[in-house]
Amino acid sequence: MRQHLFEWKEGLVISLNAIRANKARSILTMLGIVIGICSVALMATAINGIDKAFVDGISALGADNLYIDKYAWFSDEDFFLMRNRKNVTLDQYERFTKLAKLPLAVAPTILTMHKVLYGDNYIEGTLMTGTTDGYVRTTNFNFARGRFFSALESNGARNVAVLGSEVAGHLFAQQDPLAREVKIDGISFRVVGVLEKQGSNMLGNFNPDNQVYIPIGTVFKYFRRNRDTVTIVVRARSTEMTEATKEEAIGMMRRVRGLLYDEKDDFSVNTQEGLTTEYDKVVGVIKLVGLFITGLSLLVGAIGIMNIMFVSVKERTKEIGIRKAIGAKKRTIMGQFLTEAALICLLGGLVGLLLAVGLSMLINKFLPTSVQMNTVVLAIAISLLTGIVSGLAPAWTAAKMDPVEALRYE
Amino acid sequence: MNIINLENISRVYQVGSEEVHALDDVSLKIDRNEYVAIMGPSGSGKSTLMNIVGCLDTPTSGSYILKGTNVSDMSDNDLAEVRNREIGFVFQTFNLLPRATSFHNVELPLIYAGVPAAERREKAEQALSSVGLKERMLHKPNELSGGQRQRVAVARALVVGPSIILADEPTGNLDSKTGEDIMALFHEIYQLGNTIILVTHEEYIANHAKRVIRLLDGKVESDKTVTNCTVPNRGN
């Protein structure tokens with residue numbers, strides 16, 4: 001064991017000397033690994049960022065939420081069968097609220113799209129969520145200004161609105177939106193609150209930043225018919241309680257909708273798990289393809305290392321002969337060249353990683369992300385592995401050289 | 001007791017479709033503390049013999065007993081260990097590692113032998129001072145003269161305390177004055193009780209040995225003990 005340690009230490013010294021002696025060559029070879037590791041690390045970082053954005057987005061909406069809806073969001077059920085289901089009405093929501101004991105909060109929602117205008121600024125097709133004052137308790141919203149609308153405003157179907165941060169920013173620029181009147185399809189609404197930026201681009205228009213929240217009664221007053229279907233948002237008390245809350249919700253909805261024991265559910269209880277599954281399906285493929293493509297650049301780097309190691313072995317044939325004559329074994333010679341290849345790759349990997357950290361700060365401007373510890377460990381492990389794998393064939397060539405031939409080589 | 005016992009050693013090389021008998025049924029015994037010169041014109045098989053005696057190569061047939069162990073059909077790794085422990089090489093072209101200091105060159109066999117650092121340091125310094133180069137310990141080969149380089153090589157050969165010092169034309173790349181110095185060094189080493197095998201084609205070099213073995217066409221032509229050998233006096 002001790003002897004292995006000496007030999008390895010000797011190998012390390014030799015490798016460092018060899019790298020130093022051929023600076024230009026070593027650096028050029030390293031460059032391949034630098035680029036390879038940098039792109040792999042950046043890809044991993046970008047993936048981390050996308051994942052984080054998604055999770056943040058989900059948690060802004062409330063990760064433990066259930067959505068009772070006429071339609072199943074993520075399923076293969078026949079759309080036309082679902083379309084024939086009875087609507088979920090506000091009336092059903094009220095009865096459900098009285099029956100369900102487990103939820104932390106319950107609120108009905110209905111989506112509608114309208115033009116929002118203030119002064120000369122307007123946004124076409126802004127997504128509006130019509131809901132009650134209880135909705136805010138199903139989310140993790142923070143307010144930049146003001147508050148969510150009150151029970152009084154909600155029950156009275158008042159013309160009040162809460163703006164997402166992007167909407168507020170677009171309409172008001174630097175002005176304070178609070179207590180000003182915006183026009184939604186020409187009808188005046190008083191702004192009572194502005195949300196803080198929720199920080200996720202992953203959810204597109206469903207991102208609260210791009211939405212306007214108004215009382216559900218107001219939606220029915222101006223934009224929708226009373227019998228239109230609503231989605232009931234149910235928040236469980238904790239992640240552990242989600243399953244029980246879902247069971248209860250199904251039972252209570254069956255009662256509310258008057259289903260007999262042998263009838264199938266004519267509504268769906270959707271969870272964000274469905275969204276997550278859907279996300280994983282799509283993004284999983286992108287991740288694999290991305291890592292594969294960046295992996296290719298690493299492969300090119302590895303081939304460069306292998307090439308240069310073959311040259312190095314050839315050049316040092318005489319040295320190998322001398323070492324063998326004075327007692328170096330196969331594994332000693334092998335170790336020496338493997339160490340050299342691994343060292344070049346490790347150095348290249350570290351430089352690549354540093355580069356990736358720098359570039360990720362740039363990416364951070366578009367997608368909140370940073371190089372994670374596991375990416376660092378992974379990158380170092382990959383670069384070491386690349387070195388060992390690409391050094392294997394050249395090192396073996398060196399190890400099995402005939403000492404007589406090698407000594408004769410000039 | 002024989003330190004080297006070669007019995008019916010043959011070494012055949014395949015050159016194209018032709019078989020070349022570099023060594024043809026050579027038998028040879030060498031005792032502890034002998035000073036032997038192996039002579040012969042080029043192509044006589046003396047390099048092949050040296051490679052086999054030095055465990056760099058194995059014979060096609062015949063047996064080679066080194067210190068009571070049969071090494072003629074050992075594996076590469078076992079041969080490396082034998083070379084490390086039993087044989088000290090001195091080459092015509094010195095064969096030092098160019099980027100390493102004298103000290104490191106001398107230390108290297110000890111690293112391969114698994115000797116701890118403190119002991120390595122002590123032994124390597126001792127070997128270097130025995131060839132008079134202790135103060136050049138941290139010089140690299142290109143900062144040393146030819147004679148000094150060969151001394152470093154001799155120190156490297158001596159450092160593990162091998163059974164045989166195997167010198168292949170050790171003065172071939174040196175001027176006659178420096179060559180004489182190296183031969184004086186070999187004489188000293190011999191007098192300390194070492195076994196030396198010298199491969200050369202120069203009569204005046206071979207004359208330093210106590211026994212001269214002449215090879216011709218892969219066979220031993222003559223094997224004579226020299227009585228009036230040259231005893232060199234080491235120059236300053």
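Trainee: How many residues of chain A are in contact with chain B?
Mentor: In this predicted model, 19 residues of chain A are in contact with 20 residues of chain B. Two residues count as in contact if their C-beta atoms, placed from the backbone, lie within 7 Å.
Trainee: Which elements give two or more residues to that side of chain A?
Mentor: They are α1 (2-21), α10 (317-325), α11 (330-363) and α13 (403-408) of chain A. With seven residues, α1(A) gives the most. Helices (H or I, at least four residues) and strands (E, at least two) are DSSP runs, numbered from the N terminus.
Trainee: And what are the ground rules for numbering and confidence?
Mentor: Residues are numbered from 1 along each chain as its sequence is written, while chains are lettered from A and ligands numbered from 1 in the order in which they are written. As this is a predicted model, local features need pLDDT of at least 70 and side-chain atom pairs count only at pLDDT 80 or more, whereas totals for chains, interfaces and linings use all residues.
Trainee: What scores does the predictor give the complex?
Mentor: The complex has an ipTM of 0.93 and a pTM of 0.72. Chain B averages a pLDDT (the predictor's confidence in each residue, from 0 to 100) of 90, and 98% of its residues score at least 70.
Trainee: Changing topic, in what order do the strands of the open sheet in chain B come?
Mentor: The order of the four strands is β2-β1-β4-β5, with antiparallel pairing. Strands pair if DSSP finds at least two bridges between them. At the edges are β2 (18-31) and β5 (69-70) of chain B, each pairing on one side only.
Trainee: How many bridges join β1 to β2 there?
Mentor: In chain B, 10 bridges join β1 (residues 2-15) to β2. B:Gln14 stands opposite B:Glu19 in β2(B).
Trainee: Back to chain A: where does α12 bend?
Mentor: The bend in α12(A) is about 45 degrees at A:Leu392, and A:Pro394 follows within four residues. The bend is the angle between axes fitted to the seven residues ending there and the seven starting there.
Trainee: Lastly, is A:Ile308 buried or exposed?
Mentor: A:Ile308, in helix α9 (residues 272-315) of chain A, is buried because 23 other C-beta atoms lie within 10 Å. Buried means 20 or more such atoms within 10 Å of the residue's own, exposed 12 or fewer, and partly exposed in between, with C-beta atoms placed from the backbone.
Trainee: What is A:Ile308 in contact with, beyond its neighbours within four places in sequence?
Mentor: Its contacts there are A:Arg25 and A:Thr29.
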